[in-house]
Amino acid sequence: MSDQNASVARTVSSKEQSHGADISSLILLAVLLAAGFILNMTVGNAPAIVGIKPQFIIASYALAILLSNAGFGQAAVFGLLSAAVIQLTTSTPGLNFVTELVAALVMAALIRRPIRVGGRDVTPLVAAFATTLVSGALFAVAGTLIMGAALGTVVVKVPIVLGTAVFNAVVVQALYVPLSKVAKR
């Protein structure tokens, strides 16, 4: 190494070094997952009579990915941690590890570029809709096959998956601005 290079100070930002989830992002996810779990257990079944089964845990990790601007690795961790929480209430144990991993990666991909309509940022709305739709569709198809039912019976679940995706999209869009101000992100 030359003397000229040896005397140059190097600084490395912790943001540049971090390839996984940082502590503040994990705390954010934990708080959102706790709230999502409580909401799923209390009010989550009430709208089911009109074809909507809110999945507050999906909304929670979607918000965490959005607020932390998670990369793919961090989003994968968020999806897998969320799937672990979902195991407490799921009808098909283990399946959510696949569905939430894929959906979290979709969320991470969709937040890479802002989506604007009429000058307004609708990234949270569109990304949360797609994330919930992917999670729900994968769960419906795989769950149907695992239970041994005919694949055609998935059609019955389509309105519930779509209704849930719309509900989660609205929740995430509505909560994004106030939570981003609170989280100062």
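Is Val 156 buried or exposed? Val 156 is exposed, because its relative accessible area is 64%, and the cut-off for exposed is over 50%. This residue lies in the loop between H7 and H8. Its C-alpha is 9.6 Å from the C-alpha of Ala 140, and the two residues are 16 apart in sequence. Keep in mind that this is a predicted model.

Now step back to the whole chain. It has eight helices and two strands. Read from the N terminus, the order is α-α-α-α-α-α-β-β-α-α. So much for the order of the elements; next comes burial. The chain has 185 residues, and 35% of them count as buried. Contacts come next. Take those with a separation of 6 or more: 70% of them are between residues 24 or more positions apart.

Go inside, to the largest nonpolar core. This core has 27 residues. Within it, the residues with the most contacts are Tyr 61, Ile 65, Met 107 and Val 172. Six helices are named as suppliers of at least two residues each: H3 (23–42), H4, H5 (72–86), H6, H7 (123–146) and H8. The largest share comes from H4, with ten residues.

Follow Ile 65 for a closer look. Set aside its neighbours within four places in sequence. Met 107 is, like Ile 65, among the core residues with the most contacts.

Helix H6 covers residues 95–110, and Thr 99 is found there. Thr 99 is buried, because its relative accessible area is 1%, and the cut-off for buried is under 20%. What does Thr 99 touch, not counting residues up to four places away in sequence? Thr 99 touches Ser 135, Leu 138 and Phe 139. A polar atom of the Thr 99 side chain also lies 3.4 Å from the backbone oxygen of Asn 96.

Next, the aromatic rings. A pair of aromatic rings is described by the distance of the centres and the angle of the planes. How many aromatic pairs does a search of the whole structure find? The search finds one. The rings belong to Phe 56 and Phe 167, with centres 5.8 Å apart. Their planes are at 80 degrees, so the pair is edge-to-face. This pair links distant parts of the chain. Phe 56 is in helix H4 (residues 56–68), while Phe 167 is in helix H8 (residues 158–183). The two are 111 residues apart. Phe 56 is buried, with a relative accessible area of 10%. Phe 167 is partly exposed, at 26%.

The charged end of Arg 112 sits over the ring of Phe 72, 5.8 Å from its centre.

Finish in the loop between H4 and H5, where Asn 69 lies. Most residues other than glycine have a negative phi. What is the phi of Asn 69 near? It is near 50 degrees, a positive value in a residue other than glycine. Asn 69 is partly exposed, with a relative accessible area of 48%.

Note on methods
Residues numbered from 1 in each chain as written. Heavy atoms only, no water. Helix = DSSP H or I, 4+ residues; strand = E, 2+ residues; numbered from the N terminus. Buried < 20%, exposed > 50% of the residue type's maximum accessible area, 1.4 Å probe, protein only. Contact = heavy atoms within 4.5 Å. Polar contact = N/O pair within 3.5 Å; in protein donor to acceptor, adjacent residues only side chain to side chain. Phe/Tyr/Trp six-rings, centres within 6.5 Å; stacked < 30°, edge-to-face > 60°. Lys NZ or Arg CZ within 6 Å of the ring centre and 35° of its normal. Core = buried A, V, L, I, M, F, W, Y, C linked by side-chain atoms within 4.5 Å.
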